[in-house]
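Morning, everyone. Please have the sequence and the model open while I talk. I'll start with a ligand and finish with a cavity.

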Amino acid sequence: MRTLTGITPSGAVHIGNYFGAMRPAIEAQAAGDCFYFIADYHSMTSVTDPGERRANTRGIAVDWLACGLDPMASVFWRQSDVPEVCELTWLIGSLTPMGLLERAHSYKDKTAKGLTPNFGLFAYPVLMAADILLYDTNAVPVGQDQRQHLEMTRDIAIKFNQTYGATFVVPDAVIRGDTGNVPGLDGQKMSKSYGNTLEIFGDEKALRKKVMSIVMDSRTPAEPKPDADRNLCIQLMKLLAPPAVAADYEARLRAGGLGYGDLKKALFEHFWTFFAPARARRDELLADPGYVDRVLAEGAARARALASIVIQRARRACGLE
Ligand code: ADP
Ligand code: TRP
């Protein structure tokens with residue numbers, strides 16, 4: 001049972017990335033056969049500064065390792081170190097209907113916001129399908145926002161298999177109900193592109209300020225709040241604090257008597273404590289830059305060994321060799 005996922009290096013990782021994709025990926029390591037990568041080709045549509053791409057790519061590598069990705073248990077690499085994925089994008093893209101890509105939320109949302117689409121944005125789901133199919137992947141842990149991309153990947157794999165004979169494994173998305181859609185500080189989905197993120201490794205003072213600035217309603221502290229379970233701070237607390245502690249805050253908010261300021265302070269403290277071990281590990285990793293380079297180089301060699309088998313299978317299936 002092979003697990004694979006990727007994260008685009010388009011900015012600092014946040015707790016939505018962590019709970020939606022990074023932690024499930026880290027937990028899957030216990031079962032073995034894990035493939036995780038930094039999707040730097042995917043960042044081409046949003047980042048156009050080479051230095052920024054390099055820094056983000058390296059940054060995500062360090063952050064993921066700090067959070068518990070274990071390069072002894074997983075293959076961990078940079079997507080562009082295995083360029084076969086671009087060839088596979090062409091093979092499968094040649095069977096992908098325009099209509100399927102036109103229905104992609106990611107494409108529709110960006111064009112609706114006035115962005116002039118380019119080929120990369122339109123073809124993004126095909127590259128993502130290639131990422132997954134190139135490694136005979138069974139399970140893909142992602143957040144809820146990627147569900148449609150996984151459905152497209154399945155459609156593309158099935159179409160290829162029907163056209164050229166059994167070639168690809170048809171993968172399944174692994175999306176957790178409790179952590180697949182982490183709300184951002186403004187209540188919308190947390191996302192780098194909405195500016196509503198709680199970055200895992202940001203500056204303490206700035207993050208505290210962000211949490212203390214979360215907008216709550218105007219009810220007084222004394223008022224009971226029967227809708228306490230829908231409170232944003234409570235929802236985030238359920239991810240970051242021990243369950244009994246989160247339940248206690250929820251009960252106190254519901255009963256009345258707990259002010260929003262105190263709730264936000266507590267939320268920040270739990271967030272800060274939750275990531276304390278990762279922060280310490282990250283400081284160690286930053287002190288040894290050669291280590292991260294070695295991990296990614298070794299991961300690239302292992303990933304490429306598998307990719308070359310699958311791309312050859314795909315080339316043969318469609319008569320390219
Ligand atoms: P962003 O939307 O911030 O740009 P990415 O697209 O790089 O994040 O997402 C990387 C991974 O993190 C994907 O698996 C995605 O589904 C997951 N993810 C992103 N935001 C959230 C969220 N708010 N809740 C749960 N998972 C998320
Ligand atoms: N598109 C994903 C995102 O923005 C990142 C990604 C690229 C990915 N390739 C993937 C995730 C393959 C899972 C599997 O979040």
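This is a predicted model: local features need pLDDT of at least 70, side-chain atom pairs count only at pLDDT 80 or more; totals for chains, interfaces and linings use all residues.

Now, ligand 2. Where does ligand 2 sit? In the largest pocket. There are 14 residues around ligand 2. Coming nearest are Thr-8, Tyr-124, Met-128, Asp-131 and Gln-146.

Which elements supply at least two residues each to that shell? β1, residues 3–7, and α6, residues 119–133. α6 gives the most, with 4 residues. By type, the shell splits into 8 nonpolar, 5 polar and 1 charged.

Next, the polar contacts. In the side chain of Asp-131, an N or O atom is 2.7 Å from a nitrogen atom of ligand 2. For Tyr-124, a side-chain N or O atom is 2.9 Å from a nitrogen atom of the ligand. Thr-8 faces an oxygen atom of ligand 2 instead, with a polar side-chain atom 3.3 Å away. How much of the ligand is buried by the protein? Alone, ligand 2 exposes 370 Å², and the protein buries 87% of that.

Last, the cavity. The count is 1 cavity of 30 Å³ or more. The largest cavity holds about 30 Å³ of space. Its lining is Phe-37, Trp-77, Gln-79, Val-82, Val-85, Asp-131 and Tyr-135. That makes 5 nonpolar, 1 polar and 1 charged. Look at Asp-131 again: this residue lines the cavity and is also among the residues nearest ligand 2.

Methods. Residues are numbered from 1 along each chain as its sequence is written. Chains are lettered from A and ligands numbered from 1 in the order in which they are written. Side-chain values use heavy atoms; hydrogens and water are left out. A residue is near a molecule or strand if one of its heavy atoms lies within 4 Å of it. A polar contact is a pair of N or O atoms within 3.5 Å; within protein, one must be able to donate a hydrogen and the other to accept it, and residues adjacent in sequence count only if both atoms are side-chain atoms. Accessible areas come from the Shrake-Rupley method with a 1.4 Å probe; for residues, only the protein chains shown count as cover. On a 1 Å grid over the protein atoms alone, a cavity is a set of points where a 1.4 Å probe fits but cannot get out, and a pocket is an open set with protein on both sides within 12 Å along at least five of seven lines; lining residues have an atom within 4 Å of a point. A molecule sits in a cavity or pocket if more than half of its atoms lie within 2 Å of its grid points. Ala, Val, Leu, Ile, Met, Phe, Trp, Tyr, Cys and Pro count as nonpolar, Asp, Glu, Lys and Arg as charged, and the others, Gly among them, as polar. Grid points are joined across faces, edges and corners, and a volume is the space filled by probe spheres set on the points.
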